[in-house]
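Trainee: I have a multi-chain model open and would like to go through it with you. Could we take it one question at a time?

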Amino acid sequence: ESNENLPLLLDEYRRYGRQMIMPEIGFDGQLRLKRAKVLIVGAGGLGSPAAAYIAGAGVGTIGIIDHDTVEHSNLHRQIIHSTSKVGMSKVESAITYLKDLNPNPTYIPHVQALTSANALPILTPYDLILDCTDHPSLRYLISDTAIILNKPIVSASALRTDGQLIVLNDPPGSGPCYRCIWPNPPPASTVTSCGEGGILGPVVGVMGVLQALEAIKLLSRPAPPEQKTTSMTIFSAFPQMAFRTLKMRGRRKACVACGEPADAKDKITKEAMEKGLIDHIAFCGTSAPVGLL
Amino acid sequence: ESNENLPLLLDEYRRYGRQMIMPEIGFDGQLRLKRAKVLIVGAGGLGSPAAAYIAGAGVGTIGIIDHDTVEHSNLHRQIIHSTSKVGMSKVESAITYLKDLNPNPTYIPHVQALTSANALPILTPYDLILDCTDHPSLRYLISDTAIILNKPIVSASALRTDGQLIVLNDPPGSGPCYRCIWPNPPPASTVTSCGEGGILGPVVGVMGVLQALEAIKLLSRPAPPEQKTTSMTIFSAFPQMAFRTLKMRGRRKACVACGEPADAKDKITKEAMEKGLIDHIAFCGTSAPVGLL
Amino acid sequence: MGEEATLPITVEFSGGLELLFSKQKTHKVQIPASDPSGKPANVGFLVGWLCDNLMVDKRKDMFVMDGTVRNGILVLINDADWELEGEDEYVLEKGDNILFVSTLHGG
Amino acid sequence: MGEEATLPITVEFSGGLELLFSKQKTHKVQIPASDPSGKPANVGFLVGWLCDNLMVDKRKDMFVMDGTVRNGILVLINDADWELEGEDEYVLEKGDNILFVSTLHGG
Ligand SMILES: [Zn+2]
Ligand SMILES: [Zn+2]
C-alpha cells in the first residue's frame with residue numbers, strides 16, 4: 001500500500017527512464033501518461049503496434065475493443081497475436097501479450113463489436129480514442145461519439161501500399177471531426193478492405209506506430225498548443241517510400257456532428273444516439289458485414 | 001515430404017495471402033522472400049519491430065545477432081521482448097517470440113557480439129544485412145564486411161525524437177557504402193547512445209518498421225531498378241511529426257571500402273579483415289563499451 | 001485552329017486512385033489555359049479534363065459523380081485541402097500541384 | 001557604413017544539432033550577400049557566419065572542426081547532399097534551404 005503514495009513505482013522508473021530523461025516527456029509527462037485512459041478500437045494491423053508502444057510507454061489505463069478472433073491470415077501484420085492464439089478473441093490475445101510486455105497498466109477488455117447502441121457508454125471513461133478500425137461506418141460512429149463526449153481521436157488507415165493518419169477534435173472543441181473532413185461517405189462500391197485489396201504488413205505497421213506516437217505526444221503534453229492547424233500524413237511505400245504532410249481544413253460550421261447544421265434537426269446529439277436514431281451502417285450504405293480488421 | 005515439392009505450404013498461402021494478392025509482391029515475390037536469408041544485427045529498439053514484420057512476411061531464413069540480455073529498461077521500445085524474459089539473451093527471447101508469430105522461417109541465433117574477427121564468417125550466408133546497432137564502430141564494421149561480401153544493407157538509427165534510414169550498397173556494386181556517406185567517424189565525444197540521450201519508443205519503432213519494409217521490397221523485387229539514386233529518410237517526432245527525403249551522393253571513387261583509394265595500401269580488403277588489421281573500435285576512437293542496444 | 005495557350009501543372013494520385021490513371025502516381029500535364037467558355041482554367045475544369053484526357057480506366061464513377069469529385073476523394077491544392085483554396089473555383093496557376101487522395105478505410 | 005546587401009535563406013538543424021541553436025529547428029535568416037573579401041557568400045562562409053551569429057551554445061566543436069563542419073554532420077543544399085552541389089564552394093542563392101543533420105547512431 002505504501003506504493004500508493006509514490007507517484008511512480010520503482011519498476012516504472014526503470015522501465016520509462018529512457019523516455020523520462022527527455023525534456024519532451026520528463027517526470028510530469030510520465031505522470032500524465034500514467035493518469036491517462038486510452039481506448040484502442042480494433043486490435044488488428046493498426047491496433048497491434050499502437051497498443052504495444054502505448055503499453056510500453058506506460059499509459060495507465062488501456063481499453064481494447066474488438067469482436068474478432070485471431071486467424072492465420074492476420075499474423076503477417078498483427079504482430080501482438082501469434083500462432084498459438086489462433087481462434088482466441090483478439091482482445092484476450094492482445095491483453096495477454098501486453099501484460100507480459102508491461103504489467104503496470106490497467107487493461108480493460110471489451111470483447112464485442114462497437115455499435116451505435118453501445119458506443120456512448122463504452123467511450124465515456126476514456127480520455128483519447130484510437131481509431132484502428134476497418135470500415136467507414138465505424139469511423140463515423142467513433143467520430144460522432146467522441147464529439148458528443150468531447151474526446152480527441154487519433155485516426156489511421158491503410159490499404160495495400162498506402163497509409164493515412166489524422167488527429168481529430170484536438171483540442172476537443174476546436175479541431176475538425178471526421179465529418180468535417182469527409183461530410184459524406186464514399187459509395188459503398190468504392191470501399192476496399194484489407195482482406196479484398198491486400199495489405200503489406202509494415203505499411204499498416206508504420207501507421208499504427210505513428211498512432212502510438214501521436215497518442216503519447218497528446219497525452220504527455222502539459223497543454224494543447226495554442227494555435228493548432230490540422231494536418232494529415234499520407235504514406236506510400238512504392239515506388240520510393242514517401243511521406244507527405246497535407247494541410248487540412250478546420251471545423252465545418254455547418255457540420256452535423258460538431259457544428260450547427262442549417263436545419264437543427266440534422267444535428268447529431270447524445271439523445272439521438274441514445275434513442276438509436278443514428279444508423280451509421282445505413283449511412284454508409286453497405287449491407288456487407290462490418291468488422292474490425 | 002510431399003510438401004517439399006510444393007513451392008509454398010498451405011499454411012503459407014493462408015498467412016501471406018493478404019500480401020500475395022498485391023501485384024507489388026505476388027506469388028513470385030513471395031517465393032523470393034521464402035528463399036531469402038536476412039541477418040538482423042541487434043535485437044533492440046530497431047531490431048524488434050524489424051524482425052517481427054520480416055518474420056511475419058515469410059522471409060525464409062532469419063539470423064539474429066546480439067550479445068545482450070533483456071532488461072526492464074528495454075521494454076518500452078523493444079516490443080518483442082517481455083517482462084518474463086528479463087535476464088534471457090535477447091536473441092533467445094526474440095526467436096521465442098518470432099517462432100510463435102510464424103513457425104515457418106528458419107531462425108538462426110548468434111548469441112555473441114559482432115566483431116572485426118567474426119563478422120566475415122557470420123555475414124557470409126546471408127543475402128541482406130539489417131543494421132539495427134547502436135554504435136558507429138559497428139556501423140563501419142557492418143558496412144566494410146558487407147562491401148567485401150557484396151551484400152546490401154538496410155541501415156537505420158534513432159535517438160530521442162529523431163530517426164534516420166538509408167539503404168546502402170544497393171544494388172551491390174553500385175550504391176554507396178557507409179564510408180562513402182561518412183568517410184570519417186564523428187568525434188567520440190559527440191556520440192550519444194539511447195541510454196544516455198533517451199529515446200521515445202515509437203520513434204525507434206517507426207524506423208525499425210521502415211527497415212522491414214525496405215527489406216521486404218528489396219528481397220521480393222524481380223530485379224534491382226535500373227537507375228537508382230540513394231536517398232536518406234529522416235524523421236522528427238516534434239514539434240510536428242515530419243519525414244523528409246534527402247538525395248544522397250553515390251559511390252565515392254576514392255572510398256577505402258568500396259572504391260580505389262589513392263594509396264592502394266589503404267584499401268579495406270578481405271585479407272586485411274581476416275588478419276585483424278582493421279580495428280573499427282580504434283577507428284571510432286572510443287574506449288567505451290560497445291554494445292548492441 | 002490557332003495556337004492554344006497551355007498551363008503546365010503537376011497532377012498526382014494517391015490511395016489507389018492511380019490505378020485509374022495508368023497506375024502512374026505523378027503526371028506532368030499541359031492543360032488548356034482557358035475553358036471552352038474562355039474563362040481561366042479552374043480545378044473544376046481540370047477534373048473534367050482529366051476524365052477526358054488522362055483517365056485510362058473507364059469507370060469514371062470511381063473518380064467523379066454528379067459533376068464533381070466523388071465522396072471519399074480529397075483534393076489538395078499545393079498540399080492544402082481545396083476547401084481552404086476555393087474548391088473547384090480555384091483558378092490554376094503555372095506549376096501548381098493538384099493531388100487527389102482516395103480515402104483509405106482499412107486497418 | 002553604407003547598406004549591405006543581404007540574402008534571405010532558410011537554415012535548418014536536425015538530429016539534435018538544434019540544441020546548439022536555441023533549440024529551434026528552422027531559422028529564416030538574412031546573411032550578407034558577400035564575404036569580407038567581396039566574393040559571393042558560399043556555404044563555407046555561411047558555416048562561419050552561423051557560428052558567430054546564430055549559435056547560442058558555445059561548444060563550437062560540436063558543429064565545426066578544422067575550419068569546416070565536423071565529421072558526422074551532413075550538409076544538405078535544398079535537400080541534396082552538398083557533395084552533389086560543390087560542398088562549401090556552393091554559392092548561396094536567395095531562398096536556398098541549407099539543412100545540417102547530425103548523424104544518429106542509436107538503435
Ligand atoms: Zn465536424
Ligand atoms: Zn564506399
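Predicted model: local features only at pLDDT ≥ 70, side-chain atom pairs only at ≥ 80, totals over all residues.

Trainee: Is Gly107(C) buried or exposed?

Mentor: The cut-off to apply is that buried means under 20% relative accessible area. Gly107(C) has a relative accessible area of 0%, so this glycine counts as buried.

Trainee: Let's turn to the interfaces. How much area do chain A and chain B bury between them?

Mentor: As background, the size of an interface is often given as the accessible area lost when the parts come together. Here 62 residues of chain A are in contact with 62 residues of chain B. Carbon and sulfur atoms account for 66% of the buried area, and the total is about 5300 Å².

Trainee: Which residues of chain A lose the most area to chain B?

Mentor: Three residues stand out, together giving 15% of what the chain A side buries. They are Arg18(A), Tyr53(A) and Met241(A).

Trainee: How many salt bridges does the rule find across the interface of chain A and chain B?

Mentor: Polar contacts are present there: the count is 20 residue pairs, both at pLDDT 80 or more. A salt bridge asks for something else, a side-chain nitrogen of Lys or Arg within 4 Å of a carboxyl oxygen of Asp or Glu. By that rule, the number between chain A and chain B is 0.

Trainee: Which element gives the most to the side of chain A that touches chain B?

Mentor: Elements giving two or more residues to that side include helix H1 (10-20), helix H3 (47-56), helix H4 (90-101) and helix H9 (201-220) of chain A. The residues of this side divide into 30 nonpolar, 21 polar and 11 charged. With 12 residues, the element that gives the most is H9(A).

Trainee: And chain C: how many salt bridges are counted between chain A and chain C?

Mentor: In this interface, 39 residues of chain A are in contact with 28 residues of chain C. The area buried is about 2500 Å², with 54% from carbon and sulfur atoms. One salt bridge joins the side chains of Arg244(A) and Asp79(C), at 2.8 Å from N to O. The count for the pair of chains is 5.

Trainee: Which element supplies the largest share of the side of chain A that touches chain C?

Mentor: Among the elements supplying at least two residues to that side are helix H6 (136-149), strand E5 (153-159), strand E7 (231-236) and strand E8 (242-247) of chain A. The largest share is 4 residues, and it comes from E8(A).

How values were computed:
Residues numbered from 1 in each chain as written. Chains lettered and ligands numbered in written order. Heavy atoms only, no water. Contact = heavy atoms within 4.5 Å. Buried area = accessible area lost by both parts, 1.4 Å probe. Polar contact = N/O pair within 3.5 Å; in protein donor to acceptor, adjacent residues only side chain to side chain. Nonpolar A, V, L, I, M, F, W, Y, C, P; charged D, E, K, R; others polar. Buried < 20%, exposed > 50% of the residue type's maximum accessible area, 1.4 Å probe, protein only.
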